[in-house]
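Trainee: Please take one part of this model and go through it closely. I would like to see how the side chains there are placed.

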Amino acid sequence: MRVIARIVTGLAALALAQCSHAQDAQTTAKLAGFDSYMEKVLKDWNTPGIGVGIVVNDKLVFAKGYGYRDYEKKLPFTPATLCPIASNTKLFTAVAAGCSSKKGN
């Protein structure tokens, strides 16, 4: 479970670091209560921090960090926080190459 949380955190941080923060009133209304849900996720997964990005129609509509990127120093997890993701970039590249080759057919 802890490995999954770290992978999710890394993927979210990677995506968030590449995009700018964009929110509108409609998105904010739809996400009412999401902050408290994410606080519960942090507690349930026993993880110090996590980044969340929501993309709608190829547009980043929400980006926020929860918890801490460094728990001991109490440094907050932000949309720009980078996380090490080991060798997962190989998988991302392979998937991206597979998806782009299908578009050309």
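**Tyrosines, a lysine and a hairpin**

Mentor: Y71 is exposed, with a relative accessible area of 51%. Exposed means over 50%, buried means under 20%, and partly exposed lies in between, with a 1.4 Å probe and protein chains only. This is a predicted model, where local features need pLDDT of at least 70 and side-chain atom pairs count only at pLDDT 80 or more, while totals for chains, interfaces and linings use all residues. Residues are numbered from 1 along each chain as its sequence is written, and side-chain values use heavy atoms, with hydrogens and water left out.

Now the lysine. The charged end of K74 sits over the ring of Y71, 3.6 Å from its centre. It also sits over the ring of Y68, at 5.0 Å from that centre. The test is NZ of Lys or CZ of Arg within 6 Å of the ring centre and within 35 degrees of the ring normal. K74 is partly exposed at 42% relative accessible area. Its phi is positive, about 60°, although K74 is not a glycine. Its place is the loop between β2 and β3 (75–76). Helices (H or I, at least four residues) and strands (E, at least two) are DSSP runs, numbered from the N terminus.

Next, the rings. The structure holds four aromatic pairs. Rings of Phe, Tyr and Trp (its six-membered ring) pair if their centres lie within 6.5 Å; planes under 30 degrees apart are stacked, over 60 edge-to-face, and the rest tilted. F34 and Y66 have ring centres 6.2 Å apart and planes at 70°, so this pair is edge-to-face. F34 lies in helix α3 (residues 34–45) and Y66 in strand β2, so the pair ties together parts 32 residues apart in sequence. Y66 is buried, at 3% relative accessible area. Y68 and Y71 are also an edge-to-face pair, 5.7 Å centre to centre with 80° between the planes. Y68 is partly exposed, at 31%. F34, Y37, F62 and Y66 form one aromatic cluster.

Strands β1 (residues 49–56) and β2 (residues 59–70) pair in the antiparallel sense over eight bridges. Two strands pair if DSSP finds at least two bridges between them. G49 has G67 in β2 as its bridge partner. Two residues lie between the strands of this hairpin, where N57 takes a positive phi near 50°. N46 has a positive phi near 50° as well. N46 sits in the loop between α3 and β1, and is exposed at 54%.
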